Amino acid sequence: MASGEEDGTVEEKETNNKKRTKGAIVTAWLTFYNIAMTAGWLVLTVAMVKYYLQKGTHKGLYRNIARTLKFFQTFALLEVGHCAIGIVRTSVIVTGVQVCSRIFMVWFITNSIRQIQNEESVILFVVVWTVTEITRYSFYTFNLLNHLPYFIKWARYNMFIVMYPLGVVGELLTIHAALPYVRRSGMYSLRLPNKYNVSFDYYYFLIIVMLSYIPLFPQLYFHMLRQRRRVLHGEIIVEKDE
Ligand SMILES: CCCCCCCCCCCCC/C=C/C(=O)SCCNC(=O)CCNC(=O)[C@H](O)C(C)(C)COP(=O)(O)OP(=O)(O)OC[C@H]1O[C@@H](n2cnc3c(N)ncnc32)[C@H](O)[C@@H]1OP(=O)(O)O
C-alpha cells in the first residue's frame, strides 16, 4: 500500500523533506548543546573535587571555578531561546525564571561581592546546581539519542525533590550574607539627586528578590512534580502557560 507521502504532490514531498532536514539539524544542535553542557558541568565537578583534595578547605574554591561556572551558566541563556523558537517543548516563562535567577546569582551576587565568595552557602548551591545539571543534560542527550538508561530518567525526575529546596536554601543564604556589604558599599545603587532624577537601592532590591522566591519557587517545584508524574507515571497533564 502506498504511503501518504507517496500519494502527495511534488510540493508536499518538498515540504516533508524540508521538515525532515530541519528536524535533523535541530536534533544535531540540541545533542551538541547538551553534550557541551554536560561536559562543562563535569569539568566543574573535577575542578571542585581536585581543589578540595589539594587544599582541604572550601575557602578559595569559588574563585578557582568562577570563570568556568560563569561561562556555562551564562551559556544556558540559549535554553530560553530554544523554548522561544519552539525547538523544545518547555515553557519560556518557567525556563526564563530558572535561568535568569541563576545568572543573577552568579553575576550580580557571588561574582560582584568578593567578601561572600567563601561562604558555605555558595558551595552548597554550586554543588547542588552541578549535580542537577549533569543529570539534566545527560538525560536530554541520551533521550535525543534514543538510548536513555532508566537510572538517568529516574534521577532526573526524583533528585530535584531534594536538590531544588537545597539549592534555594544555598541561594537565599548567600543573598542574605550579601546584604550587609551591599548596604555598606551602596553598590549598584543610584542616590538622588542625579541627572536622571531616579533612585534605586540595590539593598532593597535584594530583599524583594528574596521575597519573590515565595511565590515563584513553588511554581517551579510544582511544574517539576507535574513533569515527574507525566514522565515516570505516564499521566497526561495540561500546563496552563503552554
Ligand atoms: C532579576 C532577578 C530575578 C530573580 C528572581 C528570583 C526568583 C527565583 C525563584 C526560584 C529560583 C529557583 C532557583 C533554582 C535553583 C536550582 O536550580 S537548585 C538545583 C535544583 N534544580 C533543579 O532541579 C532544576 C529543575 N528545573 C529544571 O529542570 C528546568 O530548569 C525547568 C525549566 C524548571 C523544567 O524543565 P522542563 O524543560 O520543563 O522539563 P523537562 O521534563 O526537562 O523537559 C520538557 C521537554 O523539553 C525537552 N527539552 C528541554 N530541554 C531540552 C534540551 N536542552 N535538549 C533537548 N530536549 C529538551 C525535554 O526532553 C522534554 O521533552 P518531552 O519528553 O518530549 O516532553
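This is a predicted model: local features need pLDDT of at least 70, side-chain atom pairs count only at pLDDT 80 or more; totals for chains, interfaces and linings use all residues.
How many residues surround the ligand, and which are the closest? The shell holds 35 residues, with Thr90, Tyr140, Phe160, Gly167 and Leu216 the closest. Residues are numbered from 1 along each chain as its sequence is written.

**Ligand shell**
- Helices H2 (10-55), H5 (92-110), H6 (120-144), H8 (160-185) and H9 (202-233) each give two or more residues to the shell.
- H9 gives the most, with nine residues.
- Helices here are DSSP runs (H or I, at least four residues), numbered from the N terminus.

**Whole chain**
- The chain has nine helices and zero strands (a strand is a DSSP run of E, at least two residues).
- Of its 242 residues, 19% are buried (20 or more other C-beta atoms within 10 Å of a residue's own, C-beta atoms being placed from the backbone).
- The C-alpha atoms fill a box of roughly 80 × 50 × 30 Å along the principal axes.

**Helix H5**
- The 19 residues of H5 should span 27 Å at 1.5 Å a residue, and its end C-alpha atoms lie 25 Å apart, which agrees (the expected span is 1.5 Å times one less than the number of residues).
- Thr95, Arg102, Met105, Val106, Ile109 and Thr110 of H5 are buried.
- Their cover includes helices H3 (61-75), H4 (78-84), H6 and H8.

Key. A residue is near a molecule or strand if its C-beta atom, placed from the backbone, lies within 6 Å of it. A residue is buried if 20 or more other C-beta atoms lie within 10 Å of its own, exposed if 12 or fewer, and partly exposed in between; C-beta atoms are placed from the backbone. Two residues are in contact if their C-beta atoms, placed from the backbone, lie within 7 Å.
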